[in-house]
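This report describes how one protein chain is packed. Look at the sequence and the model before reading on.

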Amino acid sequence: MTSSLPQHSSSSTTTTTTTTNNNNNNNNNNTNPPSSILIVGSGLFGLSTAYALTRRHEFINTSITVIDRSDPSSQSTFPSPDAASIDTSRIVRADYADHAYAALCDEAQLIWRQQDKPIDLGAQGRYHETGLLVVGDATSAAPVADPPVEGGASESSHKKLTGMDYARKSWENVSSLASRDPMLAERIRELPNADAICEVLGTGGSSGAWGYINYNSGWTDAGASMAWLYEQVRQTGRVNFIAGTVESLEHDDTGVTGVRLQDQRVLTADLVMVAAGAWTGSFVDLDGQAVATGQVLGYLNITEEEQEILGKMPVILNLSSGLFIIPPTNGVLKVARHAYGYTNPRTVHFPPLPVSPTATSNCLVSIPRTSLHDPDLVIPAEGEADLRAALREMTPLPGLVDRPFTKTRLCWYSDTRTADFLIDYHPHWKNLFVATGDSGHAFKFLPVIGDKIVDCIQRNCPPEFKEKWAWKEGEGAKALFTEDGSRGGKPGLILEEELLKARSV
């Protein structure tokens, strides 16, 4: 995929209250396209898949329905403001320690960079190639969580990549990718010490002991990009959008047949795809493969003078602390932490679909807690302290470090152990496909991920991702922390416990 996503002339969307279940005998070995597909979730994975399906000739006779708790006909509620894919900004980088993801983003960036036409994805301020400053601290080891009370020792007790390890492997990968083009290669430069990092950052601050600048990376306006994607889907006239909250998956003895909504409507389809991000575990028992984790974000209003200074900085990402700052726009500065995050274990009223038809589902699930349903929700004090530390270190302008946040937020990841996505058919339930495990780094792949997911639906997963994205059985007894070397903070934090600490001060 090396050109802009094509446009379609149709401008209408058909809304229905149910999908057609013409043939419920599909099984996971049948490669014939299903007559109907129901996608649960209109975030990055769900919406990009719906779009990719409309562009595949094999699915020309397939009805496609997307169900989401937000109403696509209402600009005030769609997309849902607490979805992970909706925000002021997301980093777009081929800067990965893993070569497969580096190459996949390199492919996506060919499309992000196309901005000649207003309709291009990267146009109208949706993509900014300001550069990415990748740094690591000179630490000896990554933090280790306390072992879980039950279920054996945590995998994190073994040696993992440190942030510095990740940064150096990333440097090797992006340098290799850029070596094919002298113009790209010239935009990457090693920064051997804190002074060199400070000079490139240009804010008077610094971070890390070693790093590099990659001016081939940048950031995207996530909310505007998702609005762009929704408009492309809407214009196809092929996708039915339904507003409703999924209560549970409907199934028979061997397969999933559809979903039940809170208003007791039942929607059926030949293939059900659950792409509900951090909410996926509420509907499907993921057998310990993915868990919802909350990540802290803070936003500050800045002055015109501060905008003039900070607007020229590159994105800075410290892979040891997980702290990062994205250049401000329109007088708003965002600071965040890519960390182990907080879990929010809750006993759910409607148990998720069990691992197999003969199993019993675990009702204790980490469920996102957001300000949409809890307007008084604030980020924990330890998270805010880390964000303040990032401001003090990276952007030490007078009066900025202690300025009150105008807004804070918990952004919820669907985290996997290795930070690999989970994109596969369920091994024990027919007609069920799962696309989740974003692990906080999926958004940059918006131009290409839908096509890759449809490849997987057609059982043609890209070879380099076949094992990475596969359903992995027997994960449930292991403690789940993402250990790819890019996470900061402390593993094992429970959201409610951290919030109570602040209240008791």
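Which residues have the most contacts inside the largest nonpolar core? They are F433 and W469, in a core of 81 residues. A nonpolar core is a set of buried Ala, Val, Leu, Ile, Met, Phe, Trp, Tyr and Cys residues joined through side-chain atoms within 4.5 Å. Buried means under 20% relative accessible area (1.4 Å probe, protein chains only).

The model is predicted: local features need pLDDT of at least 70, side-chain atom pairs count only at pLDDT 80 or more, and totals for chains, interfaces and linings use all residues. Residues are numbered from 1 along each chain as its sequence is written, and side-chain values use heavy atoms, without hydrogens and water.

Helices are DSSP runs (H or I, at least four residues), numbered from the N terminus. A second, separate core includes I242, F283, I325 and V335.

Beyond its neighbours within four places in sequence, W469 is in contact (heavy atoms within 4.5 Å) with residues including Y101, L104, F421 and I449.

I449 also lies in helix α9, among the residues that meet helix α1. The axes of α1 (residues 44-54) and α9 (residues 446-457), lines fitted to C-alpha atoms over the stretch in contact, come within 8 Å and cross at roughly 70°. The two helices are therefore roughly perpendicular (65 to 115 degrees).

Of the 505 residues of the chain, 57% count as buried.

Terms used
Buried means under 20% relative accessible area, exposed over 50%, partly exposed in between (1.4 Å probe, protein chains only). Axes are lines fitted to C-alpha atoms, for helices over the stretch in contact, and angles run from 0 to 180 degrees between N-to-C directions. Angles under 35 degrees count as roughly parallel, over 145 as roughly antiparallel, 65 to 115 as roughly perpendicular and the rest as oblique.
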